[in-house]
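Q: Please take a close look at one part of this structure. Where does it sit, and what surrounds it?

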Amino acid sequence: MGSRQVSASDLAGLLGPDALGRFGLPGRITVAGLGISGISAARALAALGARVTVVDNGDGDTHRARAAELAELGIEVRLGHLPDGARAGETLPEGTELVVTSPGWQPQSPLFLAAAEAGVDVVGDVEVAWRLRTAGVELRAARGAAAAGTGDGTDTGDAAPAGPAEWLAVTGTNGKTTTVQMLASILKAAGLRTAAVGNIGTPIIDVVLGEQPYDVLAVELSSYQLHWAPSLRVHSGAVLNLAPDHLDWHGSMQAYAADKGRIYEGNTVACVYNVADKATEDLVVEADVEEGCRAIGFTLGAPGPSMLGVVDGILVDRAFVENRQKNAQELAEVKDVNPPAPHNIANALAAAALARAFGVEPRAVRDGLRDFRPDAHRVARVDEVGSVVYVDDSKATNTHAAEASLASFDKVVWIAGGLAKGATFDELVQKSAARMRGVVLIGADRALIAEALARHAPEVPVVDLDRTDTGAMLAAVREAAALAEPGDTVLLAPACASMDMFANYNKRGDAFADAVRELAAENAADTA
């Protein structure tokens, strides 16, 4: 991403002695969490001259190894239990003037309650990155001047933009990563210097302060990150959809939606919403935006003025065209979207809306969508065995995502279950029952799904697998194969988290793919 690790003398020297103060940051900062974003924030803040303390309740080998690396940079790390018996991640270090939290730490964490009592603000790494936008521009200019003075030939490519890169931001219950990746692909097709950053896995602080200049960033933001980013004001933002998720963290659906809606605050050009999900439009109505900012809808149907939609298999724009009351601009064909499932077409329209808000030409939208390849475990076709297609959508970790996945196919044998995270399954089953040839249930909370099926789809055959060993997924695939008929789809879309049986959803999807390949090998041997 063009970023590099820097020393305190490097950044503080290049930006001047009051670097922290100029960007709204104090001198004594506590970072909560020793994960990817926490390490990124700690390194950057220390390099800017802050006295940084990292706190984390963990104390395993990985934590200690990371702590040792940070200690070499002069960063204090407190792990596990302190000498007085208190937990490090629950105790506010003396003299703290700001807490920078990793996204997953809950608002009611003891550390944050202590910070509130002491009058200390809590922000996230996205907020820090937002405050440091212009610092990155200054750093690149200073590095360029230093390189020119030494004649070392350092070159970052084309001339850097005069100001910081604009942010095009995406949030929503489902589809964020795919939409941000589509957006980045479209922006690249337009010849723009861009990167997909944020919740997608690349710490945004590293990119903001890195050596590589960008014209625009495609930013994925979770509800957690938005909660801790009070001053964020992006060029254009999109909320893809809203469904109950992470309610244990937010406390209520209302609070969850409000945090998602923060992405619209202060937008300067466009607030992109889902026409089929009125809650997203309501968030636009409630947002305080810059004068002239427009509400732009996306729909799988024919679009009205100020919308993007689909007409006769064509993705069309009636928002960023002259005389949008009468005219429409063709952007791409549905077949250019990979895969062309309904929820993925919606993702493509949202990405196109953000790109068009930034001035991208129609051809780049088409080319970017054609170039895009989805990540693994997202409605990924694994194989066809005995005229039955096997699809891995292990990333469908909540009911909203599973419903969208099920809607992509006519007749499905559904493999579902895992950790429900407080979810209920009645609405999902009611909406999807007509598509279900059968269901195979796995995981800790499978009884919740079984009960919903008994209430709303009693005619659908259900196999309840009461096992969590390594062979459970192979057993599930074999049971699904027995239920399936030629032309059906066996779909892993669990509607649940994976950690009861697997390290993560990737491992769960890998186990499914391995099981399908074993089934295919057995089928080939039987027919040889």
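A: Buried means under 20% relative accessible area and exposed over 50%, with partly exposed in between (1.4 Å probe, protein chains only). The model is predicted, so local features need pLDDT of at least 70 and side-chain atom pairs pLDDT 80 or more, while totals for chains, interfaces and linings use all residues. Numbering starts from 1 along each chain, and side-chain values use heavy atoms, without hydrogens or water.

L369 has a relative accessibility of 2% and therefore counts as buried. Its helix is α15, residues 362-371 (helices, H or I of at least four residues, and strands, E of at least two, are DSSP runs numbered from the N terminus). Leaving aside residues up to four places away in sequence, L369 touches M182, I186, L315, A332, D336, V337 and A348 (contact: heavy atoms within 4.5 Å). Between L369 and Q181 lie 9.7 Å in space, C-alpha to C-alpha, and the two are 188 residues apart in sequence.

For another helix, take α13, residues 278-286, where T280, L283 and V284 are buried. These three cover an arc of only 100° around the axis, which puts them on the same side of α13 (the arc is that of the directions from the helix axis to the C-beta atoms). An α-helix has 3.6 residues a turn, so residues three or four places apart point the same way. The cover over the buried residues of α13 includes β9 (236-239), α12 (253-261), β10 (270-274) and β11 (294-298). On the face of α13 turned away from the buried side, K278, V285 and E286 are exposed.
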